Amino acid sequence: MAITLSGDQAIPGPPLSSRLTPAQVWGIVLLAPYLLVFLAFVVYPVCYGLWLARAPANYVALYNDPIFARAAINTLIFLVIGINIKMLIALFLSGFFAVQRPWIKWLSVIFILPWAVPSIPTILSVRFMLNPEWGVINHLIFSFTGDDGPNWLNDPTVALSMAIGVHIWKSLPFWTLILITGRLAISHDLFEAAEVDGASWWQKFRYITWPSMQTLYVTCTLLSMIWTLGDFNSVYLLTGGGPADLTHVLATLGIRYLRLDQLSLAMASIVCAMPFVLPLVYFMMKRLSR
Amino acid sequence: MKLPSLREVGTEARLLLIGIPVFLWTMIPIYHMFLFAISPKEDAFSGKLWPDHPTLHNFEIVFKQQHYFLRDFYVQFWNSVVIAAAVGALTLFIATAAAFSISRLKVPGGRVVLNLALFTYFIPAAFLAVPMYRTMGNYGLLNNHWSLILAMVTIASPYAIWVLKQASDKLPVELDEAAVMDGATTLQIFRLVYLPLMMPSLVAIGTYAVLLAWNEYLYAFLLLSNDREITLPVALGNFLAADDSPWELLMTTGFIYALPPAAVYYAFRRYMVGGLTAGAVKS
């Protein structure tokens, strides 16, 4: 046979197992559990979901569904307005918490509470505060003015603003904490030098703090936007998507379609968000996997 | 004693002007929840800022399961505990093994797996929920605790792998080399050198996974529906199904449910702040 005739160059290489060092074999064995989880619970669902959403009719149906359009706009408002307000407050508060005072130290411990406690009971607590008949807010309005307070969650604009408020309440501590670590990393000498030169508060921020924090700030804003796309609780538990399905965001809309047994529409609505999500994800990965 | 100058008083006043609203903003929803927990129903619904007759009666009702919505309180509490513990243990196992493999053993393709994991980390969890629900149905796991455990492990692992990989990269290579010289096998290095050095990060990641699972609402309510299988947050959501929900009991149960994660968070804060915030965003 050709192989035996042509000498030892043609002898097939040793089997795969002996070409790998024992360490590499262990490497593959140890990586296997995650790969299995990834294949079974990420790859398969995603492919299956894309397959369900393959029919163009789904996208026509979405296009014609006013609730989808409304949810898309709400999501944009949530991201563009909500997140930027949140990050600006976080940036401001990171400066406040960086001030060295014993009571501010204590306040920072308390300030973490919204992040440390689960969101369900606290969101429901806010929901009851806003209850038009029994809620404490309207009780206070009545006792001070003698008028009945508004029916807060019955107005789509107010209800969505409240949902954004709840989201900010919950995640503000986390982002403030991260911006504080960024701020504390700035060399103190710079501020002392600026102090000697008589720099104003604004000049110190503009020429020292901001240049060293802007990358972190932009990264945080983008990351928060990606994650907020998946914020189901703030809207679902506060407004339930109501009144009249006018306060849905994409995260709750998918679940709404699912409950109506329109699975392919649910998937299609998620696919529609992908052109916006994937560039953000790509950008974040570039930035984090350096 | 030196009297503070006018300028110092001004600075202090301005700080308080920020500090007081921050304190109120943070505490009002939590205080409101606490207020409901210690108020009889009449007081809670009359909008009082402190009840006329504070009472622990609500807690008694919850702990004795004396209400229709609470008849499975202990079972549901236990479900939450078991699922959170399982998610913590499984995530730690999977992520530590993967991080060791990628960072220390330099397994071929490790970089690709890490990027895939990172990609999953950035996809909003709510978007994966819909296909995940169908997948669990196809696997026949709906209404089974394993469905929620596996879903939460899927969500928790990418971040866990990423943070643990970053932490392992910081351990000096010489340690492994010295151990190999002494004739240690790969498993011995993992057990005797790697794990002890990684302890702080492992504590942080374990806590992260446990809290994530304990706090999860969306996946829990999609994947579990049977009253005796659901976790506490789903049970809390179910209170809303009734028109005349017993809000004082809902808030009491919610308060009890919120205590363990808050306690865990504050107990491990040292690890959380170092391990998680540094890993969350690298500037």
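**View 1. α12(A) passes α15(A) in a left-handed crossing**. Left-handed here means that the near helix is turned anticlockwise from the far one by less than a right angle. Helices are DSSP runs of H or I, at least four residues, numbered from the N terminus. This is a predicted model, where local features need pLDDT of at least 70, side-chain atom pairs count only at pLDDT 80 or more, and totals for chains, interfaces and linings use all residues. Residues are numbered from 1 along each chain as its sequence is written, and chains are lettered from A and ligands numbered from 1 in the order in which they are written.

**View 2. How α12(A) (residues 201-229) and α15(A) (residues 263-288) meet**. Their axes, lines fitted to C-alpha atoms over the stretch in contact, come within 10 Å and cross at roughly 140 degrees, angles running from 0 to 180 degrees between N-to-C directions. That makes α12(A) oblique to α15(A) (under 35 degrees is roughly parallel, over 145 roughly antiparallel, 65 to 115 roughly perpendicular, the rest oblique). Residues making the contact (C-beta atoms, placed from the backbone, within 7 Å) include L222(A) and I226(A) of α12(A) plus V277(A) and R287(A) of α15(A).

**View 3. The side of chain A that touches chain B**. The contact takes 75 residues from chain A and 72 from chain B. Helix α3 (residues 22-52) of chain A gives the most to chain A's side, with 20 residues. That side splits into 59 nonpolar, 15 polar and one charged (Ala, Val, Leu, Ile, Met, Phe, Trp, Tyr, Cys and Pro are nonpolar, Asp, Glu, Lys and Arg charged, the others, Gly among them, polar).

Key
Contact = placed C-beta atoms within 7 Å. Helix = DSSP H or I, 4+ residues; strand = E, 2+ residues; numbered from the N terminus.
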